[in-house]
Amino acid sequence: MRITVIGGGYVGLTTGVCFAHLGNEVMVVEKIPQKVELLKKGRSPIYEPGLEELLQENLREGRIHFTTDLREGLEFSHVIFICVGTPQKPDGSADLSQVEEVARETAKLMKSYKLLIEKSTVPVNTHKLIKRTVQRYLKDPNIPYDVASNPEFLREGSAIEDFLKPDRIVVGVESQRAKEIFEKLYKDFDCPIIYTDPATAELIKHASNSFLAMKISFINMVADLCEKTGADVKLVADGMGYDKRIGRAFLNAGIGYGGSCFPKDVKAFIRMAQDYGLNFGLLREVERINQERPAKFVEKLKKVLWSLKDKKIALWGLSFKPNTDDIREAPSIKVAELLIKENALLSLYDPKAMENFKLLFPEGKQINYAKDPYSAVEGASALLILTEWEEFVKADLGKVKELMELPIILDGRNIYEPQEVKALGFEYYPTGR
Ligand code: NAD
């Protein structure tokens, strides 16, 4: 099939490359010319494992194309995936201006049937606003079109695998014509495909992300209770997780969730409920618990070191999760801010996210970026683990101990076994264990 994808970010690029990999012909419309230039040369503007290789393969096969020109994208295909950003507004609601722009500009250029598919995460009933906008700006009001919701559930760091082998595909459609396009599009996918109305599909996405965030905040409160009582949160999570009604996933205690989705989607869901006259207090608590995590973590460090002034503190991990360079809403940002306020000297290392972090925290008197994890800990009074990169899991802790001024580790991701680390002579502070 021929497919057009609007927006070449984490979701759009993955969607485009994966559909091309499955034998479709894809045109990605991305408005930032520098990104398009890079992509045409087979270089990915973001780090996502396997993405660049797959991009190059499909460029060679001539199955994927890139443009900044929406008109070209619309002439290419009648199947249009909207993958633009839906960031957070100051009041917590979703900023839908990018989606509105796509709907408006598409309508102005439309000459024949189009299926407009929301892949971006949007509040329930956004499809109605898209339809109203398209209808307003169409040159000829009789041109047929459909608006559908097909939310994306991929996770950064495993985006390709998640896209190609999803747990389920959710499709919200209103017409048989649109449904048939999706049936053809997803015919080779071996997973449940749930057809609903668009409002239900939109809601499934926000409800799913909010539920996962709730699991994380729940286990983080349990972790705090474990620290007070001497129980072990990892074993508590295992013990809970064997119960099929609960499941073990997303019960890892730590410094909290971040990223471009959970924080903004939880906020948007709360706000959306409020707009319909409902108080989603449960999610306000989820948010509050999460927001407290970095401060609690730094408080713990202050208890251990007494004063942080002029002490070198090593930070391992800046991205919000492993295998990505994305630092949007990463807990590392809050931790760094708090440490700077305490006049600590930060020594930072991340395998992929340092360039992005430098844009927020340029190198300076209090901020130093290390070339590898070992130089980061040289002379440090404490090591803080903020992202569970495999490189840290496998690190030579004997060497780390030799290099540090004080052998102190605060583990915000519980990547080590306490007994093993303590046996090496470290003072080790895991989370909730
Ligand atoms: P992103 O910011 O990485 O990408 C959005 C891209 O769209 C940018 O490159 C931007 O330049 C481009 N763009 C904006 N307006 C455009 C226009 N008019 N024409 C062409 N290009 C345009 O965002 P993302 O992380 O890919 O997220 C996109 C959407 O998918 C969001 O709604 C997000 O909530 C949702 N989502 C994200 C993830 C994730 O893990 N990142 C997972 C599932 C869903």
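Predicted model: local features only at pLDDT ≥ 70, side-chain atom pairs only at ≥ 80, totals over all residues.
Which helix gives the largest share of the lining of the second largest pocket? It is H12, with 7 residues.

The space in it comes to about 370 Å³. Its lining is made up of 14 residues, and those closest to the centre are Asp224, Glu227, Lys296, Lys300 and Lys303. Sorted by class, the lining holds 8 charged residues, 4 nonpolar ones and 2 polar ones. Two helices, H9 (198-229) and H12 (281-305), each contribute at least two lining residues. As for where the pocket sits, residues of domain 2 (206-285) and of domain 3 (291-429) both take part in the lining, so the second largest pocket lies between these domains.

Trp306 is placed in the loop between H12 and strand S9 (312-316). Its phi is positive, about 70°, and Trp306 is not a glycine. Most residues other than glycine have a negative phi. Is Trp306 buried or exposed? With a relative accessible area of 80%, Trp306 is exposed, because the cut-off for that is over 50%.

There is a second case of this kind. Asn414, also a residue other than glycine, has a positive phi near 50°. Asn414 belongs to the loop between strand S13 (408-411) and helix H18 (418-423). Here the relative accessible area is 7%, and buried means under 20%, so Asn414 is buried.

Which residues have the most contacts inside the largest nonpolar core? They are Trp316, Leu339, Leu384 and Tyr416, in a core of 52 residues. Take Leu339 as an example. Neighbours within four places in sequence aside, Leu339 is in contact with Val298, Leu301, Leu308, Ile313, Leu315, Ala344, Leu346, Gln366 and Leu384. Apart from this core there is another one, of 37 residues, which includes Val36, Leu115, Tyr186 and Cys191.

Ser332 is part of helix H13, which covers residues 331-341. The relative accessibility of Ser332 is 2%, so Ser332 counts as buried. What is Ser332 in contact with, leaving aside its neighbours within four places in sequence? The contacts are Gly317, Leu318, Phe357 and Leu386.

Definitions and conventions: Residues numbered from 1 in each chain as written. Heavy atoms only, no water. Core = buried A, V, L, I, M, F, W, Y, C linked by side-chain atoms within 4.5 Å. Buried < 20%, exposed > 50% of the residue type's maximum accessible area, 1.4 Å probe, protein only. Contact = heavy atoms within 4.5 Å. 1 Å grid on protein atoms, 1.4 Å probe; cavity = no way out; pocket = protein on both sides within 12 Å on 5 of 7 lines; lining within 4 Å. Points joined across faces, edges and corners; volume = space filled by probe spheres on them. Helix = DSSP H or I, 4+ residues; strand = E, 2+ residues; numbered from the N terminus. Nonpolar A, V, L, I, M, F, W, Y, C, P; charged D, E, K, R; others polar. Domains from an automatic or database assignment.
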